[in-house]
Amino acid sequence: MDLGLTGKIALVTGSSRGIGRGIALALAAEGCDVMLTGRDEKALGDVVAAVGKLGRTAKYETLDLREANAPAALVAAAKRAFGRIDILVNNAGTTRRGDFLELTDADWADGYALKFFAHVRLARAAWPSLVESKGSLVTIGGTSGRVPIAAFTIGSSVNAAAAAFAKALADRGKTDGVQVNTIHPSYVETERLWRRIKADMERTGQDEAAVREWHRRDIGVTRFGTPEDIGGLVAFMVSRRGRWLHGATIDMDGGEVKGM
Ligand SMILES: NC(=O)c1ccc[n+]([C@@H]2O[C@H](COP(=O)([O-])OP(=O)(O)OC[C@H]3O[C@@H](n4cnc5c(N)ncnc54)[C@H](OP(=O)(O)O)[C@@H]3O)[C@@H](O)[C@H]2O)c1
């Protein structure tokens with residue numbers, strides 16, 4: 001299926017590893033050139049090489065997106081490098097888990113700085129380019145935004161807020177010609193998931209297979225997701241084939257969320 005993405009320019013945050021890397025590679029495989037970002041220069045260099053093997057060009061900026069000026073600097077760098085932006089994927093995010101009574105103001109501010117305010121700032125900085133290109137914005141949230149849980153108060157509320165922000169922008173996108181959607185992944189095989197499994201192994205004394213099986217049964221899925229799963233949906237969503245999808249919030253979760 002030709003998705004018509006050849007020559008499009010995509011800016012993907014959190015693309016040094018994990019889901020963002022999977023999205024960047026899926027878009028490059030469909031013909032996009034990619035602006036990458038993260039803080040780990042070596043990992044970003046590896047993604048540039050992987051994109052090069054797909055016959056496309058990637059460039060990167062190392063930035064801490066929690067800093068207020070970083071989003072505008074990133075958008076400016078993408079425009080300098082490629083001349084325009086067709087696709088913005090707001091993916092970078094990390095929020096502290098734990099007992100609500102032990103989480104501090106700093107933990108909350110940190111979670112919101114990266115996974116909410118950076119989304120807002122990136123959308124604001126990139127919007128004129130997206131209007132010009134009649135482009136697309138994709139938010140990567142998380143199923144906790146739909147099914148909040150006590151052990152993940154920051155992540156649950158920030159994912160819901162990010163999805164609500166995207167939905168509001170989708171309303172504006174109808175008049176400005178910018179497509180806006182959200183994907184809520186469930187457990188995806190990334191370093192973040194591995195850190196979580198390792199912490200559970202240490203806490204419970206169980207081996208990796210047992211911890212994985214416990215989590216799999218707990219959320220009621222046949223397997224965890226992969227960065228390629230999420231990348232495939234993003235590529236379809238922003239393509240001409242997926243253009244009618246607008247203002248949607250899609251759970252890509254192997255069936256974890258039971259609500260309609
Ligand atoms: N994996 C899952 O099971 C899962 C489930 C639901 C939702 N999600 C969501 O999916 C998104 C990606 O998660 P992931 O599992 O792929 O995470 P990951 O493997 O930990 O990767 C996180 C990415 O974000 C970047 N990043 C982190 N802090 C940053 C900062 N302050 N400034 C700039 N970049 C920063 C990292 O770059 P560096 O390491 O180079 O700094 C990395 O590229 C997140 O929004 C997460 O909430 C993930």
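This is a predicted model: local features need pLDDT of at least 70, side-chain atom pairs count only at pLDDT 80 or more; totals for chains, interfaces and linings use all residues.
Let me start inside the fold, with Thr182, which sits in strand β6, the run of residues 179-185; helices here are DSSP runs of H or I with at least four residues, strands are runs of E with at least two, and both are numbered from the N terminus. Residues are numbered from 1 along each chain as its sequence is written, and side-chain values use heavy atoms, with hydrogens and water left out.

Back to Thr182, then: is this residue buried or exposed? Its relative accessibility is 1%, so Thr182 counts as buried, where buried means under 20% relative accessible area, exposed means over 50%, and partly exposed is in between, with a 1.4 Å probe and protein chains only. If we leave aside the neighbours within four places in sequence, Thr182 is in contact with Thr139, Gly141, Ala163, Ala166, Met237, Ala248, Thr249 and Ile250, contact meaning heavy atoms within 4.5 Å.

Let me move to the ligand. It is surrounded by 28 residues, and the closest are Ser16, Ile19, Arg39, Asp64 and Asn91; a residue is taken as near when one of its heavy atoms lies within 4 Å of the molecule. As for polar contacts, these are pairs of N or O atoms within 3.5 Å, and within protein one atom must be able to donate a hydrogen and the other to accept it, with residues adjacent in sequence counting only if both atoms are side-chain atoms. An N or O atom in the side chain of Arg17 is 2.9 Å from an oxygen atom of the ligand, and a polar backbone atom of Asp40 is likewise 2.9 Å from a ligand oxygen atom. A nitrogen atom of the ligand, for its part, lies 3.5 Å from a backbone N or O atom of Leu63. On its own the ligand has 900 Å² of accessible area, and the protein covers 92% of that, with areas coming from the Shrake-Rupley method with a 1.4 Å probe, where for residues only the protein chains shown count as cover. The elements that give two or more residues to the shell around the ligand are α1, α4 (105-133) and α6 (191-204).

Which residues of α2 are buried? They are Ala43, Leu44, Val47, Ala50 and Val51, and, seen down the axis of α2, they fall within an arc of 115°, so they line one face of the helix, the arc being that of the directions from the helix axis to the C-beta atoms. Their cover includes α1 (18-29), β2 (33-38) and β3 (58-62), whereas the face turned away from the buried side carries the exposed residues Lys42 and Lys53. Just after α2, Gly55 takes a positive phi of about 85°.

The buried residues of α6 are Leu193, Ile197 and Asp200, and because they fall within an arc of 60° seen down the axis, they line one face of the helix. These buried residues pack against α7 (208-219), while on the other side of α6 Glu202 and Arg203 are exposed. Following α6 comes Gly205, with a positive phi near 75°.

Lastly, a residue in a loop. Lys134 lies between α4 and β5 (136-140), and it has a positive phi of about 50° although it is not a glycine. With a relative accessible area of 47%, Lys134 is partly exposed.
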